[in-house]
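Welcome! Take a look at the picture first, and then read on.

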Amino acid sequence: MDVKTLFDQPFILLDGAMGTMLQQKGVKPGTVMETLSITAPEWIEDIHRAYRAAGSEILYANTFGANRLKLEKTGYSVEQIVSASISIAKRAADGALCALDIGPTGKLLEPNGSLSFEEAYEVFAEVVKAGVSAGADLIVIETMTDLYEMRAALLAAKEHSTLPVLCTMTFEADGRTFTGTDIRSAAISMTALGADAVGINCSLGPKEAGLLVQTMHEVTDLPTILKPNAGLPDPETGAYDVDALQFAVDIAAAASNGVSFIGGCCGTTPAYIRAVKQAIANIKPVRQAKKDALFVCSATKAVPIDRVRVIGERINPTGKKRFKEALLNREIDYILSQGLSQVEAGADILDVNVGLPQIDETEMMVTVVKALQSVVDAPLQIDSSSKEAIACALRVYNGKAIVNSVNGDDEVLDTVLPLVKQYGAAVVGLTLDAGGIRKTTEERFAIAKKIVDRALSYGIPRRDICIDCLTLTASAEQEAAMETIRAVRMVREQLGVNAVLGVSNISFGLPNRPLVNRTFLTLAMGAGLNLPIMNPNDTEMMDAVRAYAMLACDDLHANEFVAHYGADTPQKKAEPAASSTHTLHDAVFHGLRTEAASLTKALLSDTDPMTIVNTMLIPALDKAGALFETGKLFLPQLIQCAQAAQASFGVIRETMASQGNTSVSKGKIILATVKGDIHDIGKNIVKVLLENYGFTVIDLGRDVAPERIVQTAIEMDVPLVGLSALMTTTLQSMEQTIALLKQKKPDCVVMVGGAVLTEEYAQKIGADYYSKDAKQSVDIAQHIFGENE
Amino acid sequence: MTAERVCTRIPLSEVMRYAGCHGHDERAEQMAADSIQALSSVIRPRVVSKVCRVTQTPDGCLFDDALLIPGNDLSALLNGCDQAALLACTLSAQTDAFIRKAELSDLSNALFLDSCATAAVEVVCDLFEEELQSRYPDMKRTMRYSPGYGDVPITVQEEFLSFLDAPRKIGLCATASSILTPRKSVTAIIGLSKTEVSHAKRSCETCNLKDHCQFRQKGDFCGR
């Protein structure tokens, strides 16, 4: 039977457990099961035959762990194992299809582990190529608990084969995977990347997993898969607690609720599959209903665009000097804090624009997307005009993103839309083209229609299209405001797509901008705007969004509205600086961040920034540092002082940047946790202290290759490098980094720190300084840069 | 094992100590207490374990005839033990993510959360030992011994995890440098003996860090 014919059947019977069957044959735990395809092929063939005889129509070849990371110590190559395993399955197939089975690598991906997305992709690509040349009929990717790893495998499958791909992940009873991915986000992401069916395997018993898989039906049009365990294992004996008959009853229930691919995982045997086959014989299949709502998601949060959802606009250098400075200095933490504060203020989605002529936008976009998705759960909107930046961002983004943007220009459409389709993203279309912005609603609508038609022709579903009818400045073109509102209504009603709109432009050049913005936003929402791009930190704008949601019955029973405003009137402003009883020195010393910031703001009106730094901030830090050294102050308190100083510095830098001054730095220092090591809290403590003594810290993060550290040191001419390692196993890579630095940039000084290091060992591996704690790293830096001498 | 149960058992003094506070400070204690509270809705304690037969061989200890762990110190520890419990546990990736996020907004808070999570994973081990005690009431237990202690190479982590099927069962993996990921995780071996054991408590004697341990220099001890 070919794949197409099989997939047209109402139900497709998969196989059951391989591992369970092998354990019954006496295979020891910890054995790399895939090697049995070479050492005991008859066992594997027996198992396949038994499942085929029980009715399985797809046999999962014994390739689950046949990747180079797991096979490393076995002496076998991926190709050997995959081709042997597929041939065995084919020998036993008897008309069934043979699937290349792909399981997890056994390593955690970034940011939880140290395997990069790109490396994982390469690992899977190798397996896929081997599977294709061995003649697999289809690919199954299963038992994934990390959506990022699933994406790497699915991309590898799509890009190195034309075979159908079935994707299943493993969830806990709370509906999340070990890494926190929820069921909807999993289904949305796998659907977006082009899976042919999606579902759940392993995890739980058939009843619990059967209920969880229903959630997938809410967000995907694809057929679903259920391949659960035979219940839960007994902690003592490892025996599973659901028998074949009960298993079949529960599976049949799921089948009658719309699941079409069914089989078993751990604890199941051919007897289970036989029972399932009988149980589904008379069940009427259910077709998945078409889904019309757009869903976007991160790895841990799905956002249905079924009401007004706010897209935060603050990650964007346009008109923001401080943000530009952050991009130029690679202050990723500053960019992340912009993301966090918007999410806290209520942004549902974050727009990410890091385009600046002086920097490599693609590289920065990838860095920022990876960093953002490791700390915020709001889905992202990739905002760029560079095809390369969009492609690379979509590739590494762990979820379903929106691309901002295309327009009516044919060249743009035919360049960007294929990428949108490839990665299953949603897309924003601006209603302008090579001819510029059109004045009338009808002209803009015509462009909108062209964009929608072109997107549809590329196979992008209508629900994934968002049209931006463009906000013009009311002070310049007053009549255009209502034209935009009219266009929004037409696009929503006649094209049935989403409407996105950056609203703040409307008030440019007018007094009382907040009032104009809010009124325009309200009008636009009334006309159908569901994706405003705005500043969520502007409380009045958020007030309008919440009030609209309540009036439009999106916020049923006004629950959210009452929860937000039901208590007393919200506090308007932080306490004014004038009421503070502390001096800036004291505020910093006592670690009072808000107070330090507001005192600094007040001081800046009549005090020179460097005077503030040198006579107030640094003496306070020195005092705290001295007390820390004598054990009278503890590390957390020292960090609090540093953070208060940081808040003060933040205000100073903001002011200096807005006055066009470049900030004064006492010198550049690179900090990095060495290759192979992923501990970084200690390094981050050192960083905050150094920054507050006026040094510019180039933080390369953790698990950093020696070459990257050396290259950065040379390119940015950095005289001091601080390296951190916390494991005996990674001291070696610290030594390699030092050796390479000394060879390529001999004038560069190296200081090292970390729990397993000692003064003697630091010397032995060629470091110039050993820093026993964060405070000492400041002393070393001051010494190197010629202070305090 | 629920998060609440683990968090109620975290000793405040341990959190303070891991955070580098070697004395009394009200504000720091409040932060430590807050971090315990915060973690109680974040951590997802997961445990996988197996009680195995132990065979002493010239190359090290062999568990259930399948997993060989070298090291004279481990052989000495398990001397007289017919069985041993192999344990792997983790607070899960969400805990790491939570601390990572806290680092961006308040590093001192993140330091307390990190310290608190370190203390929490020890509590998970303690609770496991209590269960072990009730399952084997007549057996004496050795101290918990982890890969990386004494002369037991830390590079056995991957095999150890794979023996317990830990990547699949609890999502716990080891990196190429043998670092456990998620970060707040422990692997350990606990010997079970019908007779008295000589290494029932942890001590500094077998520790690789004893000569330059910061706790020891302050007259303190990293364990309890």
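## A serine in a strand

A:S405 is buried, because its relative accessible area is 17% (buried means under 20% relative accessible area, exposed over 50% and partly exposed in between, with a 1.4 Å probe and protein chains only). The residue sits in strand 14 of chain A, residues 402-407. Strands here are DSSP runs of E with at least two residues, helices are DSSP runs of H or I with at least four residues, and both are numbered from the N terminus. Setting aside neighbours within four places in sequence, A:S405 is in contact with A:S384, A:V428 and A:L430, where contact means heavy atoms within 4.5 Å.

A word on the background: this is a predicted model, in which local features need pLDDT of at least 70 and side-chain atom pairs count only at pLDDT 80 or more, while totals for chains, interfaces and linings use all residues. Residues are numbered from 1 along each chain as its sequence is written, chains are lettered from A and ligands numbered from 1 in the order in which they are written, and side-chain values use heavy atoms, with hydrogens and water left out.

The largest nonpolar core has 178 residues, and A:I141 and A:M190 have the most contacts inside it. Such a core is a set of buried Ala, Val, Leu, Ile, Met, Phe, Trp, Tyr and Cys residues joined through side-chain atoms within 4.5 Å. Helix 8 of chain A (residues 147-160) gives the most to this core, with nine residues. There is also a second, separate core of 91 residues, which includes A:A597, A:L633, A:A642 and A:L720.

Which residues does A:M190 touch, not counting those up to four places away in sequence? They are A:M150, A:L154, A:C167, A:M169, A:A195, A:V198, A:G199 and A:M216.

A:A597 leads us on to helix 24 of chain A (residues 593-603), whose buried residues are A:E595, A:A596, A:A597, A:L599 and A:T600. These buried residues pack against helix 23 (584-589) and helix 26 (635-658) of chain A.

## Helices side by side

Helix 8 and helix 9 (residues 183-192) of chain A pack at an angle of about 15°, with their axes 11 Å apart. Axes are lines fitted to C-alpha atoms, for helices over the stretch in contact, and angles run from 0 to 180 degrees between N-to-C directions. That angle makes helix 8 of chain A roughly parallel to helix 9 of chain A (angles under 35 degrees count as roughly parallel, over 145 as roughly antiparallel, 65 to 115 as roughly perpendicular and the rest as oblique). On the helix 8 side, A:L147, A:M150 and A:L154 meet A:S185, A:A186, A:S189 and A:M190 of helix 9 of chain A. By class, this contact of helix 8 with helix 9 of chain A has five nonpolar, two polar and no charged residues. Here Ala, Val, Leu, Ile, Met, Phe, Trp, Tyr, Cys and Pro count as nonpolar, Asp, Glu, Lys and Arg as charged, and the others, Gly among them, as polar.

Another pair is helix 18 (residues 441-457) and helix 19 (residues 480-495) of chain A, which pack at an angle of about 35° with axes 9 Å apart. Their contact involves residues including A:F445, A:A448 and A:V452 of helix 18 of chain A and A:A487, A:M490 and A:V491 of helix 19 of chain A. By class, the contact of helix 18 with helix 19 of chain A has eight nonpolar, three polar and five charged residues.

Most residues other than glycine have a negative phi, and most peptide bonds are trans. A:S203, although not a glycine, has a positive phi of about 60°. This serine lies in the loop between strand 6 (197-202) and helix 10 (206-217) of chain A, and counts as buried at 16% relative accessibility. A:C553 also has a positive phi, near 65°, but this cysteine is exposed, with a relative accessible area of 51%. Its loop runs between helix 21 (539-551) and helix 22 (559-565) of chain A.

Cis peptide bonds come next. One joins A:E110 and A:P111, with omega about -5°, and A:P111 lies in the loop between strand 3 (97-102) and helix 7 (117-133) of chain A. Another joins B:T181 and B:P182, with omega about 0°.

## A loop residue in chain B

Is B:D59 buried or exposed? At 55% relative accessibility, B:D59 counts as exposed. B:D59 lies in the loop between strand 1 (46-57) and strand 2 (60-63) of chain B, and is in contact with B:L68 and B:P70, leaving aside neighbours within four places in sequence.
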